[in-house]
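Okay, thanks for making the time, everyone.

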Amino acid sequence: AVVSTQSTGSQEPPSGILLLYNQHALFCLESSQEIILLFMQEIITNLSSTVLESKVLSFTENVPTRLFQHGWADVSLPIRPLEQKHETSDSISQVIINMIKQTVSLSEYVNHNVPKVNYRARCETMISSQTQLIVSEEIIEFISNDRSLFSTSDYVQKYTKPLNVVLDQELIWPLEIRLFPYM
């Protein structure tokens, strides 16, 4: 999916990291809005309904450089049973902000400590030594169960569905009657 979006002719190829958990995945994708939308449309057409129920968190920040500067890393985390459900008194927005902060910390660590040579393999070994930088699967499950967040199909529909445009003429009553064509 990422390879096909790279061939669309954008200036910069997408970058990011894919963390594969036992039952969930966290996919951080850095690119232009057009590439992200193409990627989401490809997910909808090619993947199962389970993936369609995924949640999409899209945010824009004034970051001077890419968070994941070395391209892609697909990292499979060790299989472990889910601990108890994530219980918190924080709002969903605060949980998401904390998750984003943790992901930014991960990207800073990866950019400064993981060499570009053999990048994907070194990311795999980094996971075992830097567990505090990895978002826990319990938090991912907590966020994915929230109904207020966009699903993949909701996200694509928001950016592709035309707006319901109402013309001013439709709001005037009584309707304007044109008796002569030159009026």
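**Starting with helix α2**

Let's begin with α2, where Ile35, Ile36, Leu37, Phe39, Met40 and Ile43 are buried. Keep in mind that this is a predicted model. In general, an α-helix has 3.6 residues a turn, so residues three or four places apart point the same way. What about the span of α2? The helix covers residues 33-46, which is 14 residues, and at 1.5 Å a residue it should span 20 Å. Its end C-alpha atoms are 20 Å apart, so that agrees.

Stepping back for a second, the protein chain has 7 helices and 3 strands. Going along the sequence, the pattern reads α-β-β-α-α-β-α-α-α-α. Of the 183 residues in the chain, 30% are buried.

Now, the aromatics. How many aromatic pairs turn up in a search of the whole structure? That search gives 2. One of them is Phe27 with Phe39: the ring centres are 5.1 Å apart and the planes sit at 50°, so this pair counts as tilted. It links distant parts of the chain, with Phe27 in strand β2 (residues 25-30) and Phe39 in helix α2, 12 residues apart. So are these two buried or exposed? Phe39 has 7% relative accessibility, and anything under 20% counts as buried, so Phe39 is buried. Phe27 has a relative accessible area of 29%, so that one is partly exposed.

There's also a charge by a ring to point out. Lys158 lies over the face of Tyr159, at 5.8 Å from the ring centre.

Moving on to the surface, have a look at Leu163, Val165 and Leu167. These residues form a nonpolar patch there, and together they have about 340 Å² of accessible area. Leu167 sits in the segment after α7 (152-160).

Last stop: a couple of contacts across the sequence. Arg80 is in the loop between β3 (72-76) and α4 (92-113). Its relative accessibility is 31%, so Arg80 is partly exposed. Where does Asn22 come in? Along the chain, Asn22 and Arg80 are 58 residues apart, yet their C-alpha atoms are separated by 6.9 Å.

Then there's Ser105, which is in helix α4. Ser105 also has 31% relative accessibility, so it counts as partly exposed. From Ser105 to Ile134 you go 29 residues in sequence, and C-alpha to C-alpha the two are 9.2 Å apart in space.

That's my tour, so over to you for questions.

Key:
Residues numbered from 1 in each chain as written. Predicted model: local features only at pLDDT ≥ 70, side-chain atom pairs only at ≥ 80, totals over all residues. Heavy atoms only, no water. Helix = DSSP H or I, 4+ residues; strand = E, 2+ residues; numbered from the N terminus. Expected span 1.5 Å × (residues − 1). Buried < 20%, exposed > 50% of the residue type's maximum accessible area, 1.4 Å probe, protein only. Patch = residues over 30% accessible without salt bridge, like charges linked within 9 Å, V, L, I, M, F, W, Y side chains within 5 Å. Areas by Shrake-Rupley, 256 points an atom, 1.4 Å probe, with all protein chains shown as cover. Salt bridge = Lys/Arg side-chain N within 4 Å of Asp/Glu carboxyl O. Phe/Tyr/Trp six-rings, centres within 6.5 Å; stacked < 30°, edge-to-face > 60°. Lys NZ or Arg CZ within 6 Å of the ring centre and 35° of its normal.
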